[in-house]
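Work through the exercises below with the sequence and the model open. Try each task before reading its solution.

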Amino acid sequence: FSSYNNCSFESFLYYFCMIIDINPVAFHIPIPLVGWWPIYWYGISWLVAILSINYLARNGASSNGTINEKVIDDFIFYGVLGAIIGGRIGYMIFYSLENLIYDPFSLFKIWEGGLSFHGGLIGVLISFFIFSSNRELSFFQLSDYMAVYLPLGLGSVRVGNFLGGELLGRPTDVPWGIVYSNDPLGLVRHPSQIYQAFFEGIVMFFILFWISKKNPPKMFLSGMFLTLYGIFRSFTENFRTPDAHIGFDLFETFTRGQLLSLPMIIFGIVLIYLS
């Protein structure tokens, strides 16, 4: 971080603007016959997400219960696969449908970026269904348990977005505003990725962890996860710049992310009621 001297004079009167200039590539590793292969912060954030979910979920599992350490270790593979495949398909359908129609093979161009949380959630739900069916577990027994730890992964990936200079925030005058070095407009913006990491990651985890200690009924934690995420995502979207090729979807106010979060809130409330 360093002082940024291209801020407007009016802004400078109130605070020192800050510029974030972090290389999205964390480091390179040598690959025979290929050369130096870049390792991105975003990829590292996914690795941290997977390891943290696995570690804490294993620690919280009963050594000889229905959901034990072995079950958690086996499920992580299904969960990660569901999140990545669902996230990619969801992104192409929700955010790049026209491109998918004209170039179906763009679905496989993962190196170009593009993963949707809402698509990833659908993928994870499918993985819950497949895994619980094969292991003769209750779907909600597994989803309620994992719902407590999934926010850790969400928070980690949002930090990866921040370090990669992705999903920039909206222009702002707040003292903690940031100028991203990859922003062609050079505007002072909300660090919206950090807001999302805080609410979708830290806050959600502690709320769900606290509730889990109160012996909630079946479906309650799953419903709370959906409801809390939908509410927090809808709130933090107000500080995030809408996708340039989409803009606002409704009344020049609501973004695609907010509209996709609405069904989550509804289904979450239904599950809480049924529980």
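This is a predicted model: local features need pLDDT of at least 70, side-chain atom pairs count only at pLDDT 80 or more; totals for chains, interfaces and linings use all residues.

Residues are numbered from 1 along each chain as its sequence is written, and side-chain values use heavy atoms, with hydrogens and water left out.

**Exercise 1. The chain as a whole**

Task: State how many helices and strands the chain has, and what share of its residues is buried.

Solution: 
- Step 1. The secondary structure consists of 10 helices and 5 strands. Helices (H or I, at least four residues) and strands (E, at least two) are DSSP runs, numbered from the N terminus.
- Step 2. The chain has 275 residues, and 44% of them count as buried. Buried means under 20% relative accessible area, exposed over 50%, and partly exposed in between (1.4 Å probe, protein chains only).
- Step 3. Take the contacts between residues at least 6 apart in sequence: 63% of these join residues at least 24 apart. A contact means heavy atoms within 4.5 Å.

**Exercise 2. Salt bridges**

Task: Find the salt-bridge partners of Asp74, Glu200 and Arg233, and describe where these residues sit.

Solution: 
- Step 1. The model holds 8 salt bridges. A salt bridge is a side-chain nitrogen of Lys or Arg within 4 Å of a carboxyl oxygen of Asp or Glu.
- Step 2. Asp74 pairs with Lys70, and their closest N and O atoms are 2.7 Å apart. The two residues are 4 apart in helix H3 (residues 69–94), so about one helical turn separates them. Lys70 is exposed, with a relative accessible area of 52%.
- Step 3. The partner of Glu200 is Arg158, with 3.2 Å between the closest N and O atoms. Glu200 lies in helix H8 (residues 192–212) and Arg158 in helix H7 (residues 150–163), so this pair ties together parts that are 42 residues apart in sequence. Both Glu200 and Arg158 are buried.
- Step 4. Arg233 bridges to Glu237, the closest N and O atoms being 2.8 Å apart. Arg233 is buried at a relative accessible area of 3%, and Glu237 is buried at 3%.
- Step 5. Arg58, Glu69 and Asp73 are linked in a network of salt bridges. From Arg58 to Lys70 there are 12 residues in sequence and 8.2 Å in space, C-alpha to C-alpha.

**Exercise 3. Nonpolar cores**

Task: Which residues of the largest nonpolar core touch the most other members, and which helix gives the most to this core?

Solution: 
- Step 1. A nonpolar core is a set of buried Ala, Val, Leu, Ile, Met, Phe, Trp, Tyr and Cys residues joined through side-chain atoms within 4.5 Å.
- Step 2. The largest core has 41 residues, and Ile72, Tyr145, Met146, Leu208 and Phe225 touch the most other members.
- Step 3. Helices that each supply at least two residues of this core include H2 (41–60), H3, H6 (139–147) and H9 (220–236). H9 gives the most, with 7 residues.
- Step 4. Leaving aside neighbours within four places in sequence, Leu208 is in contact with Ala147, Val148, Pro151, Leu221, Met224, Phe225 and Leu228.
- Step 5. Another core lies apart from the largest one and has 5 residues, among them Ile20, Leu168, Ile178 and Tyr180.
- Step 6. In soluble globular proteins, nonpolar side chains tend to be buried together.

**Exercise 4. A helix pair**

Task: Describe how H5 and H10 pack.

Solution: 
- Step 1. The axes of H5 and H10 are 10 Å apart and meet at an angle of about 30°. Axes are lines fitted to C-alpha atoms, for helices over the stretch in contact, and angles run from 0 to 180 degrees between N-to-C directions.
- Step 2. H5 is therefore roughly parallel to H10. Angles under 35 degrees count as roughly parallel, over 145 as roughly antiparallel, 65 to 115 as roughly perpendicular and the rest as oblique.
- Step 3. Phe117, His118 and Leu121 in H5 meet Gly257, Leu260, Ser261 and Met264 in H10.
- Step 4. By class, this contact has 4 nonpolar, 3 polar and no charged residues. Ala, Val, Leu, Ile, Met, Phe, Trp, Tyr, Cys and Pro count as nonpolar, Asp, Glu, Lys and Arg as charged, and the others, Gly among them, as polar.

**Exercise 5. Positive phi**

Task: Where do Leu167 and Asn215 lie?

Solution: 
- Step 1. Leu167 is in the loop between H7 and strand S5 (178–180). Leu167 is not a glycine, yet has a positive phi of about 55°. Its relative accessible area of 28% makes Leu167 partly exposed.
- Step 2. Asn215 is in the loop between H8 and H9. Asn215 is not a glycine either, and has a positive phi of about 55°. At 70% relative accessibility, Asn215 counts as exposed.
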